Amino acid sequence: MEITKVLPDDCISLIISLTSPRDACRMALLSHAFNSIADSNAVWQMFLPLDYIHIISNSSSPPSLLSLPKKDLYFTLCYHPVLTHNGDMKFQLEKESGKKWYMVGARALSIQWVDTPRHWTWISLPDSRYGFRHTPVELDVSIEGTAAGEMRSVILDPPRNMPQQAKERVDGWLEIEMGEFFNGFENDRTVEFSLREDHDDQPKRGLIVQGIELRPKHKNNR
């Protein structure tokens, strides 16, 4: 059954752009008339971040990425993250919502004694696991200028007889939730993350850090 449209194209385009990327893809399947509108640059431009040009221009990606149709660009940023900040940060889009998703690499973190070889060594090891057994560490997430966040105490790699607090990712790394924050301010604020263990003066080893990932949280996950 062919569905016809009675509204002007620009009205339909505006309506679709106020939905979601998933809805736009569904509407593109309704009819040939809807397909050209739902896949148009006018619609998918609205799903991209306002500063996407700045982000891509300051990344290691080729400038030709910006010449892609907006729908193609959107899904490229979903499935193929771009490297920014001299390769120390990874940026991508969350497919369902178009919200920003960042990974702050280990080299961009402030790590105590990071330049002392007997404490830390820079290596590339994608299939690593955390090595802090029996030793709890403290995690904290807070926004600059606000009350300090709740401090959480976790064991990164507990023995088998203890509950596992970290989750294994599809890429083989372990991840553990540090906390969450909501930025409702008009001005940009600095988000501070910390992982520390300063109560036990015994030497420690085996902790391999990939980075800190910031990703959107859906309301229905609460």
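Trainee: Asn86, is it buried or exposed?

Mentor: Asn86 is exposed, with a relative accessible area of 81%. Buried means under 20% relative accessible area, exposed over 50%, and partly exposed in between, with a 1.4 Å probe and protein chains only. This is a predicted model, by the way: local features need pLDDT of at least 70, side-chain atom pairs count only at pLDDT 80 or more, and totals for chains, interfaces and linings use all residues. Residues are numbered from 1 along each chain as its sequence is written, and side-chain values use heavy atoms, with hydrogens and water left out.

Trainee: Where is Asn86?

Mentor: Asn86 sits in the loop between S1 and S2. Its phi is near 60 degrees, a positive value in a residue other than glycine. His85 is in that loop too, between strand S1 (82–84) and S2. Phi of His85 is also positive, near 50 degrees. His85 counts as exposed at 52% relative accessibility.

Trainee: How are helices and strands assigned?

Mentor: They are DSSP runs, numbered from the N terminus: helices are H or I with at least four residues, strands are E with at least two. The chain has six helices and nine strands.

Trainee: What is the mean pLDDT of the chain?

Mentor: The mean is 79, and 77% of the residues reach 70 or more. pLDDT is the predictor's confidence in each residue, from 0 to 100. Where pLDDT is low, the predicted coordinates should not be read in detail.

Trainee: Where is confidence lowest, and where highest?

Mentor: Strand S5 (residues 152–154) is lowest, at a mean of 75. Helix H6 (residues 70–79) is highest, at 95.

Trainee: Switching to charges. How many salt bridges are there?

Mentor: The count comes to six. A salt bridge here is a side-chain nitrogen of Lys or Arg within 4 Å of a carboxyl oxygen of Asp or Glu.

Trainee: Which residue does Glu96 pair with?

Mentor: Arg22, with the closest N and O atoms 3.1 Å apart. Glu96 lies in the loop between S2 and S3 and Arg22 in helix H2 (residues 21–27), so the pair ties together parts that are 74 residues apart in sequence. Glu96 is partly exposed, at 32% relative accessible area. Arg22 is partly exposed as well, at 43%.

Trainee: And what does Asp51 meet?

Mentor: Lys100, in a salt bridge of 2.9 Å, N to O. Asp51 lies in the loop between helix H4 (41–45) and helix H5 (52–57) and Lys100 in strand S3, so this pair ties together parts that are 49 residues apart in sequence. Asp51 is partly exposed, at 28% relative accessible area. Lys100 counts as partly exposed, at 32%.

Trainee: What about Arg215 and Glu213, how do their side chains meet?

Mentor: In a salt bridge, 2.4 Å from N to O. Salt bridges that share partners join Glu175, Glu213 and Arg215 into one network.

Trainee: Glu94 next. What is the nearest side chain of opposite charge?

Mentor: Lys99, 7.1 Å away. Glu94 is buried yet has no salt bridge. For charge, Lys and Arg count as positive and Asp and Glu as negative; His and the chain ends are not counted.

Trainee: Which side chain does Glu94 make a polar contact with, then?

Mentor: That of Ser97, at 2.7 Å. A polar contact is a pair of N or O atoms within 3.5 Å; within protein, one must be able to donate a hydrogen and the other to accept it, and residues adjacent in sequence count only if both atoms are side-chain atoms. Glu94 is found in the loop between strand S2 (89–93) and strand S3 (100–105).

Trainee: Now Ser17. What does it touch?

Mentor: Val43, Met46 and Phe47, not counting residues up to four places away in sequence. Contact means heavy atoms within 4.5 Å. Ser17 is in helix H1 (residues 9–17) and counts as buried at 9% relative accessibility. A polar atom of its side chain lies 2.7 Å from the backbone oxygen of Leu14.

Trainee: Last one. Where is Leu139?

Mentor: In strand S4 (residues 137–143). Leu139 is buried, with a relative accessible area of 0%. Leu139 and Met178 are 39 residues apart in sequence, and 5.6 Å apart in space, C-alpha to C-alpha.
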